[in-house]
Amino acid sequence: MTDVLQRFIGRFVVVYLDDILVYSRTAKKYEEHLRQVFVELGGHDLFLHPTKSELFLDGVTCLGFRIEKGKISIDEGKVEAVRRLALPQSVKEVRSVMGLLAYFRRFVRNFSTIAAPLTELLKDGKAFEITPEVRTAFEKLKCLISSAPILRLPDLEHLEFEVTTDASEVGMGGMLTQRGHPIAFESRKFTDTERRYAVHEREMYAVVHCLYKWRHFLEGARTTVYTDNAVLTYMTTKVPPSRRMTRFLEKLSRFDYEIKHLPEQANVVADALSRLARVNLLTTKQLISFARGKTPAGLPDQETRLLQQEMTGVTYDEATGVFTREVDGTPRIWVEPENRN
């Protein structure tokens, strides 16, 4: 089917095996596109089953996603399947569960960091053990996917995008937007080697990573990059201070971009994405303090504000030692504090 409709794919047709999705901006254009598809199929003696075809829909569910009026969300059927998932009890089951959860990672901020205890179970030679951290990661991913945000589809007729990035000592975060509407989130932890980069190198690496992640949207488009590191705003016009920065700038040369400074207090989303891994590094006493609305000592003010925001609505049950947050009226495990001291 892909070969038959090849000249239409990417213009107004999506093909997956024997499923054909035709999309258009107006009803008139839609009729024209349908006619072209029907003619092409007829020329190859291919026919559509009337009872399996749906025409002139405002929205459609396709490959686990609900696409409607320029927005994309997770299909409710898939959300229900995630809610019913049981904790995996073998490496094979972990692979199966992670395959489903990772399919929706574009909707989950900091997915790779949260899923780390589960992915650790897949390493060769590692004993399989369900630890409190594994249980917490599993329940948290289920909760986040069940309450995932609605993203906008990019308008490819207006090729202007904004990318907001930030890097901390733990990881990097980024958000792709178009005219202020979120399209996708991205985040990942730094490796031990990357953590030893200079501050401006980590910040530039975050820019490179995000632009390459979304290059299918950004190549050929005008992109404004916002960062809270003022050094990057003039780095592209000066002699790079290191070979690593030279390589980063060389990679960015394929994009039409401009870097602008965004004050740290305004860079809330990307800053939170890069720093949320800090929640998992807090001690039990610090977590309980946050859950009770108190501020533990010894944390920077900016990080404290971000952690307070992340833990909004979290409560601590003294009897069970479990942190929960209500999602659609149902208390769900937020983080399990065992072995955090």
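Guide: This is a predicted model. Start at Tyr257. Beyond its neighbours within four places in sequence, Tyr257 is in contact with Leu211, Arg222, Thr223, Val225, Thr236, Leu249 and Leu252.

Now widen the view. The largest nonpolar core has 30 residues. Tyr257 is among the six that touch the most other members, along with Leu176, Met204, Leu211, Leu218 and Leu252. In soluble globular proteins, nonpolar side chains tend to be buried together. H8 gives the largest share, seven residues.

A second core of 27 residues is separate. Its members include Val79, Leu85, Phe104 and Phe138.

Next, the surface. Tyr16, Leu17, Leu63 and Tyr103 form a nonpolar patch there. Together they have about 440 Å² of accessible area. Leu17 sits in the loop between strand E1 (13-16) and strand E2 (19-22). Leu17 counts as exposed because its relative accessibility is 64%, and the cut-off is over 50%.

Last, the cysteines. Cys210 is at 1% relative accessibility, so it counts as buried. Cys62 is partly exposed, with a relative accessible area of 22%. A disulfide is a covalent bond between the sulfur atoms of two cysteines. A search of the whole structure finds zero disulfides.

Note on methods:
Residues are numbered from 1 along each chain as its sequence is written. This is a predicted model: local features need pLDDT of at least 70, side-chain atom pairs count only at pLDDT 80 or more; totals for chains, interfaces and linings use all residues. Side-chain values use heavy atoms; hydrogens and water are left out. Patches are made of residues with over 30% relative accessible area and no salt bridge: like charges are joined within 9 Å, nonpolar side chains (Val, Leu, Ile, Met, Phe, Trp, Tyr) within 5 Å. Accessible areas come from the Shrake-Rupley method with a 1.4 Å probe; for residues, only the protein chains shown count as cover. A salt bridge is a side-chain nitrogen of Lys or Arg within 4 Å of a carboxyl oxygen of Asp or Glu. Helices (H or I, at least four residues) and strands (E, at least two) are DSSP runs, numbered from the N terminus. Buried means under 20% relative accessible area, exposed over 50%, partly exposed in between (1.4 Å probe, protein chains only). A disulfide is a pair of cysteine sulfur atoms within 2.5 Å. A nonpolar core is a set of buried Ala, Val, Leu, Ile, Met, Phe, Trp, Tyr and Cys residues joined through side-chain atoms within 4.5 Å. Contact means heavy atoms within 4.5 Å.
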